[in-house]
Structures are given as structure tokens and as C-alpha cells.
Amino acid sequence: MSKRSKNILTNSSMTTYQRCPRAYYYRYVWGLAPKKVSDKITIGKLTHKGLAYLHQGKDLNEAINLVFSETSTDASMAVRKTVATMLTQYALKWKDDADTKQTLAVESVLRRKLDDNWWLAGKLDWVIRDDEGVWVVECKTTSRIDRDYLAKLPLDNQVTTYYYLASGKWKGEMRGVIYDVVVRPRIYRRSGEDIDTYLERAAAAYLANPTAYFTRQCCFREEWKVDSFLSSALYTAKEIEKRLGEDADAWPQFTWSCFLRGRECPYAQLCSYGENLRTLSAFEIVDPMRELLE
Ligand code: SF4
């Protein structure tokens, strides 16, 4: 952890610690990040970048070109074309909506003090003002929008984090957080089908059933909910503080979360076989707070 990112809590670092302190140690103290990421994650990151360009007012072609020219990525052609399809469909879906909103900020880093020692920080995707007031728009990509996906929002800590951070800057004007969701293509690629034909079918599916692929869900936060969240965040920060400076053994392993929801923790090999040249070769050192410090 770099000196500048010490004592900063983000929603992601807090969630990681609460899920497993050992995972926090590997990611946020040691800085270990997996070298290989799945196509799903790459699609999410690149789409996110493209949405930021659209929200800055760039036209669709410019946004797509910027994603691939400015972002260092070894994404495959199939991934790039999928991202371009998703951005095109997003721009089509919300084209009539843009005039009703004023953009206040895109990818804006905000932080507020938790106590004398700790800061809560986050990068807000998009902040807008409409007739009702100021909203933080959190952009998400996912595989499907179902009831469970939306049911978690009243308790979602990321929503509360962003609401609290933006409330410090746009005092008295904050209305809430809008969860702006884009679903990745849901149809299967047929055996032997080329990527262009597949994505033409995917685009037709987006147009035929837009509600299955896009949603904008408003989330609100009462004062008591924010207070409760801040107590929990400070508690987590103090727990982390107690362990900083200690080696791996001081950070408990919550093994119930090694294969949460069928997904293997990225540090499973390290925990299973120890820290050695083979297990460590799958990682590189990346400052986990780099997005906040750029
Ligand atoms: S593999 Fe399990 S114990 Fe190890 S860091 Fe991940 S969640 Fe924690």
C-alpha cells in the first residue's frame, strides 16, 4: 500500500475486508492483483470507460474509438466488438433522455473524513442535475437483471458510499443514486457462428426487448441509514488499523468465502499452497487505490 493510499477506505476495500481479512491483506496491503482477467471483467471495464466518454458528451463513434485507442488492453476482437455493440445499444436506448439532464461531473474522485485518521473515498461515474435535484449515476454491467439484483439496492453499501460522498459536495441538493444497468448480450453464440453475425443477432435482441437489457433504478438514503453505514465503515477501518504492519498470519482467513456464489477467490491458490514462486507468478503488484490517485 502506498503512503498516499494508506488510511483510505473505499467501498471495495471495505467489502473485501468484511468478506475476508486475508484477501484484504493480499490486495490492499501487498497490492497483489491477478495478471489474467476474464473476458467478462474486461467487457465491464471497457464498457464503463466508453460510458464515461458518452457522459462527457462525446459522440458514439468517438467514444468507441477512444476506448480502444487510449486504453491499454490486449482484449480480443470479439471482446472489442461486444463492447462496441453494448455502447451502441446504450446510446440508442437513452438518446432522448440526455436533454433533460445537466452533467455536473464524470469519473469524479471525492473523499470525506471518517475520523481524524481515516478517509472514505470513491470515484463517482456520473453526477447529474435534473428538475428534482442532484443524482449520482452508478454504471453497471451484468449478465441479467432479475429481482435479486435489484432487491439488494436498499442495503447496498456502494450506493450509500456514493450518496454520502456526493452529499458533502452538493449539500442540500442531493436526491439519491441512480443504478444505471447494461446487460451483456444474453443470447448464445451458435457453434461455428462468426462474431459479426452473432452480434447482429444480439443487437436485434436488445432492440426487441430493451427492458431485459437496460434499467435505471433510483435509490434513496435516509439519514439513519447513512449514520448506520458510517459506524460500520469506521468499525471496519479500526479493525484494519489494528492489523496494519503485521504479516499474513495476523489477517484471518474467512474460508466460507473462498468459493462464494460459485466464484473462486483470486487468492485461492495462495491460501491453498502458500506464498511461493509458482503461486505468486499469477500476480502483479498494482496500487489498489490508483484510480483515486491518478
Ligand atoms: S482464498 Fe479464501 S481464505 Fe484465502 S483470501 Fe480468498 S477468501 Fe480468504
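Start by colouring two selections: domain 1 (3–36 + 231–293) and domain 2 (39–221), with bounds that come from an automatic or database domain assignment. Their centres, taken over C-alpha atoms, are 26 Å apart. The contact between them takes 12 residues from domain 1 and 13 residues from domain 2; two residues are in contact if their C-beta atoms, placed from the backbone, lie within 7 Å.

This is a predicted model, in which local features need pLDDT of at least 70, side-chain atom pairs count only at pLDDT 80 or more, and totals for chains, interfaces and linings use all residues. Residue numbers start from 1 along each chain as its sequence is written.

Now show the whole chain as a cartoon. It has 12 helices and eight strands; helices (H or I, at least four residues) and strands (E, at least two) are DSSP runs, numbered from the N terminus. The C-alpha trace spans about 55 × 50 × 35 Å along its principal axes.

Next, select the ligand and its surroundings. Which residues surround the ligand? They are Cys20, Arg22, Ala23, Gln253, Phe254, Thr255, Ser257, Cys258, Cys265, Tyr267, Ala268 and Cys271. Highlight α2 (21–29) and α10 (268–273), the elements that give two or more residues to this shell. Colour the shell by class to find eight nonpolar, three polar and one charged residues. Here Ala, Val, Leu, Ile, Met, Phe, Trp, Tyr, Cys and Pro count as nonpolar, Asp, Glu, Lys and Arg as charged, and the others, Gly among them, as polar.

Note on methods: A residue is near a molecule or strand if its C-beta atom, placed from the backbone, lies within 6 Å of it.
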